[in-house]
Amino acid sequence: MRKGLFIGINNYTHISSLSGCNADAMAMASVLKTDANGDPNFKNVVLTSAEDHLGRGKLEDQIRELFSGDCNVALLYFAGHGVFDDDTDEGMLVPQDYRTARDGIRISDILNWASKAVQ
């Protein structure tokens, strides 16, 4: 099975808003949902700031869920702010409730969750 998690965040609580991220996430999920012949391709979960509050806890839970269970391909798509933390020397995804670097979701954490996925 192939699973996809598509996240789009236009509206942020404490930093500048973006435009197009929600639409990008929905469009990518739509494109990858079926093959060109109409056969199922990815089982998708789409999260957008237009529908949900996408705080750090919710995003971390959903990303961990993506990498759990029976799956041979897991795709994470994120459209939104990202930051680079000079103190830890790594990039982070920025959840909707981001204020400081400690609120970001570290790329190394995502890679760690992915590496522990059972195939």
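**Cysteines, core, sheet and salt bridges**

Biologist: How many disulfides does the count come to?

Modeller: The count comes to 0 disulfides, a disulfide being a pair of cysteine sulfur atoms within 2.5 Å. This is a predicted model, in which local features need pLDDT of at least 70, side-chain atom pairs count only at pLDDT 80 or more, and totals for chains, interfaces and linings use all residues. Residues are numbered from 1 along each chain as its sequence is written, and side-chain values use heavy atoms, with hydrogens and water left out.

Biologist: Is cysteine 21 buried or exposed?

Modeller: Cysteine 21 is buried, at 9% relative accessible area. Cysteine 71 counts as buried too, at 10%. Buried means under 20% relative accessible area, exposed over 50%, and partly exposed in between (1.4 Å probe, protein chains only).

Biologist: How many residues has the largest nonpolar core?

Modeller: That core has 17 residues, and Ile7, Ile9, Leu59, Ile63, Ile105 and Ile110 have the most contacts inside it. A nonpolar core is a set of buried Ala, Val, Leu, Ile, Met, Phe, Trp, Tyr and Cys residues joined through side-chain atoms within 4.5 Å.

Biologist: Which elements give two or more residues to this core?

Modeller: They are β1 (2-8), α2 (56-66) and α3 (107-115). The largest share, 3 residues, comes from α2. Helices (H or I, at least four residues) and strands (E, at least two) are DSSP runs, numbered from the N terminus.

Biologist: What does isoleucine 110 touch?

Modeller: Leaving out residues up to four places away in sequence, isoleucine 110 touches Ile63, Phe67, Leu76, Leu93 and Ile105. Contact means heavy atoms within 4.5 Å.

Biologist: On to the sheet: what is the order of its 3 strands?

Modeller: The order in this open sheet is β4-β5-β6, with antiparallel pairing. β4 (82-85) and β6 (105-106) stand at the edges with a single partner strand each, so one side of each has no neighbour in the sheet. Two strands pair if DSSP finds at least two bridges between them; β4 and β5 (residues 90-93) have 4 bridges.

Biologist: And how many salt bridges does the structure hold?

Modeller: The structure holds 3. A salt bridge is a side-chain nitrogen of Lys or Arg within 4 Å of a carboxyl oxygen of Asp or Glu. One of them joins glutamate 60 and arginine 56 (2.9 Å, N to O), which are 4 residues apart in helix α2, about one helical turn.

Biologist: Which residues are joined into one network?

Modeller: Arginine 106 meets glutamate 90 (3.3 Å, N to O) and aspartate 109 (2.9 Å, N to O). Through shared partners, Glu90, Arg106 and Asp109 form one network.
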